[in-house]
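Thanks for coming. I will show one structure today and walk through a few places in it.

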Amino acid sequence: MLRLLYQLQLLDAEERAVRAAQTESEEYQDLRRIKSEFEQKKEQLRASALERKTTEDELQLLQNRFTELKDKIAKENVALYDGSVTNAKELAAREAQISNIEEKLQLLQDQQNTLNLAIETAVEKFSIIRQDMEEQSQRFNVTRDIYWQKCSQWEEDVSNINNQKQEITAQIDQSWLDWYNANYNKFDGSPVAMLNENHVCSGCHIIVPSITYKRTLTGKSTICDKCGRRLFVE
Ligand SMILES: [Zn+2]
């Protein structure tokens, strides 16, 4: 019975190894990494779009102000030439006013140029991020396809292991299976240990006393002094 449990134990270990190979596989790790990079890019894209929106709003305000000042200059010019200015002093004042507004307009023009440039940069950045995301997406799909292929192989392996486990389990008494399951975690997945001809315990790799070996050999119920696993002889 212990020998069968030991075989079950080996199959369980094999199944664990297959599952570990799955989550530790290069493709699985790559997929996780690409996904996290993709999320970062998505965040950058959001920030870039927001930046652009803010700059566009700013530009709109500037343009309103620009129009206002243009109107003002037009009015000043009209006043200048419609004969309402009657003396040199007022003329000088009007002209000074116009040149003052023109200076402001120039300043606004410079600010506009800066903002336009910022928008251009933002648009460019946005398209680069989009392109990066497109590439990530393609890489993800390629890697996922490879991963899925491997997964079907792993699933086949696990299914084979499970078939073997079922065959063995069918031959083991329920009380032994209960004992095995109850002690499985306690002994890190190997509650049963095999003694080889050198009296070495397969669980902890120490040599058991010869009395233990002899008792085990004659079918007595024994446990390893060191690790506590139930013993049987190879
Ligand atoms: Zn041991």
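Predicted model: local features only at pLDDT ≥ 70, side-chain atom pairs only at ≥ 80, totals over all residues.

Residues are numbered from 1 along each chain as its sequence is written, and side-chain values use heavy atoms, with hydrogens and water left out.

Let me begin with the strands. Helices (H or I, at least four residues) and strands (E, at least two) are DSSP runs, numbered from the N terminus. Strands pair if DSSP finds at least two bridges between them. S1 and S2 run parallel and are joined by four bridges. One of the residues involved is Ala193, whose bridge partner in S2 is Leu231.

Is S1 covered on one face or on both? Both faces are covered. Val192 and Met194 are buried on one side, and Ala193 and Leu195 are buried on the other. Buried here means under 20% relative accessible area, exposed means over 50%, and partly exposed is in between, with a 1.4 Å probe and protein chains only.

S1, H5 and S2 together make a right-handed β-α-β unit. The crossover is called right-handed if, with the strands pointing away from the viewer, the path from the first strand over the helix to the second runs clockwise.

Just after H5 comes Gly219, with a positive phi of about 90°.

Next, the aromatic rings. How many aromatic pairs does the structure hold? There are five. Rings of Phe, Tyr and Trp (its six-membered ring) pair if their centres lie within 6.5 Å; planes under 30 degrees apart count as stacked, over 60 as edge-to-face, and the rest as tilted.

Tyr6 and Phe232 form an edge-to-face pair, at 5.2 Å centre to centre with 65° between the planes. Because Tyr6 lies in helix H1 (residues 2-24) and Phe232 in strand S2 (residues 230-233), the pair ties together parts that are 226 residues apart in sequence. Tyr6 is buried at 12% relative accessibility, and Phe232 is buried at 7%.

Another edge-to-face pair is Tyr147 with Trp154, at 6.0 Å centre to centre and 65° between the planes. Tyr147 has 11% relative accessibility and counts as buried; Trp154 is also buried, at 11%. Ring pairs link these two residues and Tyr28 into a cluster.

There are also charges over rings. The criterion is NZ of Lys or CZ of Arg within 6 Å of the ring centre and within 35 degrees of the ring normal. Arg144 has its charged end over the ring of Trp148, 4.7 Å from the centre. Arg230 lies over the face of Trp179, at 5.4 Å from the ring centre.

Last, some residues in the helices. Leu177 lies in H4, residues 174-184, and is buried at 9% relative accessible area. Leu177 and Leu5 are 172 residues apart in sequence, but their C-alpha atoms are 7.9 Å apart. Leaving aside neighbours within four places in sequence, Leu177 is in contact with Leu5, Leu8, Thr169 and Ile172.

Lys165 lies in H3. Is Lys165 buried or exposed? It is buried, at 15% relative accessibility. With neighbours within four places again left aside, Lys165 is in contact with Leu8, Leu11, Asp12 and Glu15.

Glu37, in H2 (residues 26-81), is partly exposed at 25% relative accessibility.

Technical notes
Contact = heavy atoms within 4.5 Å.
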